[in-house]
Amino acid sequence: KRTYVEYDLTVHYYCLLMSSGIWQRGEEGEGVDGFLITDIRKEVNRAAKLKCNICKKKGASIGCVAPKCKRSYHFPCGVQKECIFQFMEDFRSYCWEHKPVQKFPDKESRGTSQCTICLDLVEQLPIYTVLKSPCCKNAWFHRECLQYQALSAGIFFFRCTVCNNKDKFQKEMLRMGIHIPEKDASWELEENAYQELLQCYQHCDVKRCLCKKGRDYNEPDSKWEIKRCQCCGSRGTHLACSSMKSWEQNWECMECRSIFAKSGNYSKQKKRSLATSEKTDRTTCWLEEPSPKCPRQSRESQRNFLLQSPKIMCQNNLSPCSHLELPASNRVTMSLSPLMSNGNWSLRKKHLRKQRREVSNILKELKLQVNTKTTRLNINAENIWNSALKGFRQRNFSATNTIEIKFTNCKNRSKADTSPASKHCFFQLLMLHLQNSSLFEGSSAKNLSLDFQAVKENLYFEAGKMIAVSLVHGGPSPGFFSKTLFNCLVYGPENVKPALEDVADVDVAQTIKMIKYADSLSSLQSTIHDCYEFLAAAGCLRPITALCDKNMLVNDILIHHVIKRITSPLESFRQGLKTLGVLEKMQMHPDAFSSILCHKPERLSAGTICDLFAIHSSSDVNKVEGADFWMSYLQDVEGGESVVTLEDILFFVTGSFSIPPVGFDPEPTIKFLHIMYPVRNRLLHCLELPITKTYEQFKNKMEFTIRNTLRIERE
């Protein structure tokens, strides 16, 4: 955003570039980057009359350039809807239907590969979030990674990370909407950017450092002078710690010696104490790809190397076997709340109620976006997913419209119901289907699964969108998210450490358990030998020479299987949850949203139902007497002294078996009138109760009406 006080004008730079009705008619120094002030004001007036096809608000200055397409939208709305903006030539914009796509040969194999920028897995699919290099056959990237690299590298240094092609690569990326600024690379502009290259490594890395002044102590021309590895220079030892008599004597670290030994270029020297690596931040794993300094090894030799290589210790200044559990790393596990681990159940329930009250207020704020315009969805209850998917993808569907549900009956369409209770029922059936669908895996607490067909059909996005719409429009919350999935959505997958219970695949879980609970080095190596192919495919191979090495291996497998494996589904799911601003609120209020996304609704109680309904009466006397009978009846129902349940009562009035996170609109009310039997109004969530002389009469009328009404509805 740029503000020009002299012109009394504030503009977004990208909005200015992409607006359809304005051109740079001035010189670079004129107006705003060549855009004349008079032209900008004309464009503001033009855009003020145009409504965004996405958010339905005025000010949509960007239009699709496709012939006969009349869609207009705001720049951020277009980004959210996956439109393409070309930052070149005349700065064209394409809507989500007419945007350019990359062409892939029909015979080209589909699968997963590694994004060469972030090194995470990327699905080889022609979707918006994934781009393919035009110059390298097997080079795939995340769109977000490419955009970050382009902004950092600038037009002079942005090129293919595999083959260094610049012209062909930049041309294709500009066509697909990557913005490449005309500037020098950020690292060229940073002062002292390469200062660390001038520093010499000075640290003793041997298993037992003998220097009393510490591993970083270096005294030249003495036995405490630090000698660096002559091959890599990234490991060191005091002369005395490795029994070296002079500084001129050659010394190699254990990693380099192992490489030489495998390549056959190492001649055995006089036996002496050798250094062992202790810093995981420098060598954390052995990748399948060999070093360019040594010839490629066979899979069998790699397997033997992994079982015989010197171990990589877990932490600085720790003995290799002092801890059986992995030490704290740069990955953190976010706790959902300070009370979630407390064994006091009453405190936990009290805390959850507080968080649910908070999230209700947040969702009510988001619900202000919903307008009175109605979108009707025709839903077949027997095929809830396909009919819901069709409804959400129809052209006139908007998350900001009021949703009306019409349940259709194939045998008798006259039985279709469009009451508010239908919407509650629809969202309940939809959340239940999602919980049991192939998009999620796990028992009660679920994570995202990897379903390639679902990725191809963009179903993860639709699932996230449906959940967001359900929360804001008065439907139930999922309540089945695992702690790990919730943290990935809120804090980002790079900041989450998964646990063994997150692994739903029985075979993978068994493999992890065998590694984790191996009680000897030989059994650990045998287990790794048996599952070598799995570890190689997961990129989790690492040297194993001590029992404590298993902890880092287990951590690598968990991160790969639970997080890296589902990178593409997770990103699609996140995009869907951005609907109506739900994901943004989740990230701002994680404790509140975890109470509804990771926990099932609290079981109804007499007190909850009593607090839910506001009592209105024409007479204070009738109100007091009726309230006493009403509360007594709720207590009888809660105590099991009735043929109906509290859920039946709630469903009788509202059409919902649970209280939605956003609450009911309008709020449920009770009226005591001189009528024969209870009467409900689901449109207003109003329950009219009879005024009786005795409690028994009141209870009998309640039992008779609710039981028979629900029986008829079920039939």
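Mentor: Let us begin with a term: a contact means heavy atoms within 4.5 Å. This is a predicted model, in which local features need pLDDT of at least 70 and side-chain atom pairs count only at pLDDT 80 or more, while totals for chains, interfaces and linings use all residues. Residues are numbered from 1 along each chain as its sequence is written, and side-chain values use heavy atoms, with hydrogens and water left out.

Trainee: Okay, so what is H424 in contact with?

Mentor: Leaving aside neighbours within four places in sequence, H424 is in contact with G474, T654, G655, S656, F664 and H685. H424 itself is found in helix α11, residues 420-435, where helices (H or I, at least four residues) and strands (E, at least two) are DSSP runs numbered from the N terminus.

Trainee: Is H424 buried or exposed?

Mentor: H424 counts as buried because its relative accessibility is 9%, and buried means under 20% relative accessible area, exposed over 50%, and partly exposed in between, using a 1.4 Å probe and protein chains only.

Trainee: And S470, where is that?

Mentor: S470 sits in helix α13, which covers residues 459-472, and with a relative accessible area of 0% it is buried. Not counting residues up to four places away in sequence, S470 touches F427, M431, G475 and P476.

Trainee: Zooming out, how many helices and strands does the chain have?

Mentor: The chain has 25 helices and 20 strands, and of its 715 residues 48% count as buried. Among contacts with a separation of 6 or more, 61% are between residues 24 or more positions apart.

Trainee: Which residues have the most contacts inside the largest nonpolar core?

Mentor: Those are F426, F481, M586 and F593, in a core of 82 residues; α13 gives the most to this core, with 9 residues. A nonpolar core here is a set of buried Ala, Val, Leu, Ile, Met, Phe, Trp, Tyr and Cys residues joined through side-chain atoms within 4.5 Å.

Trainee: What does F593 touch, then?

Mentor: Apart from neighbours within four places in sequence, F593 is in contact with V359, I362, L363, F486, V582, K585 and M586. There is also a second, separate core of 27 residues, which includes V644, F652, V653 and L710.

Trainee: Changing topic, which residues of α2 are buried?

Mentor: In α2, residues 37-47, the buried ones are I37, D39, I40, E43 and A47. Seen down the axis of α2, these buried residues fall within an arc of 160°, so they line one face of the helix, the arc being that of the directions from the helix axis to the C-beta atoms. On the other side of α2, K42 and N45 are exposed, while the cover over the buried residues includes β2 (9-11) and α1 (13-18).

Trainee: Last topic: how many salt bridges are there?

Mentor: The count comes to 15 salt bridges, each being a side-chain nitrogen of Lys or Arg within 4 Å of a carboxyl oxygen of Asp or Glu. One of them joins R71 and E97, whose closest N and O atoms are 3.2 Å apart. R71 lies in the loop between β3 (62-63) and β4 (72-73) and E97 in the loop between β6 (93-94) and β7 (112-114), so the pair ties together parts that are 26 residues apart in sequence.

Trainee: Are R71 and E97 buried or partly exposed?

Mentor: R71 counts as buried, at 8% relative accessibility, whereas E97 counts as partly exposed, at 48%.
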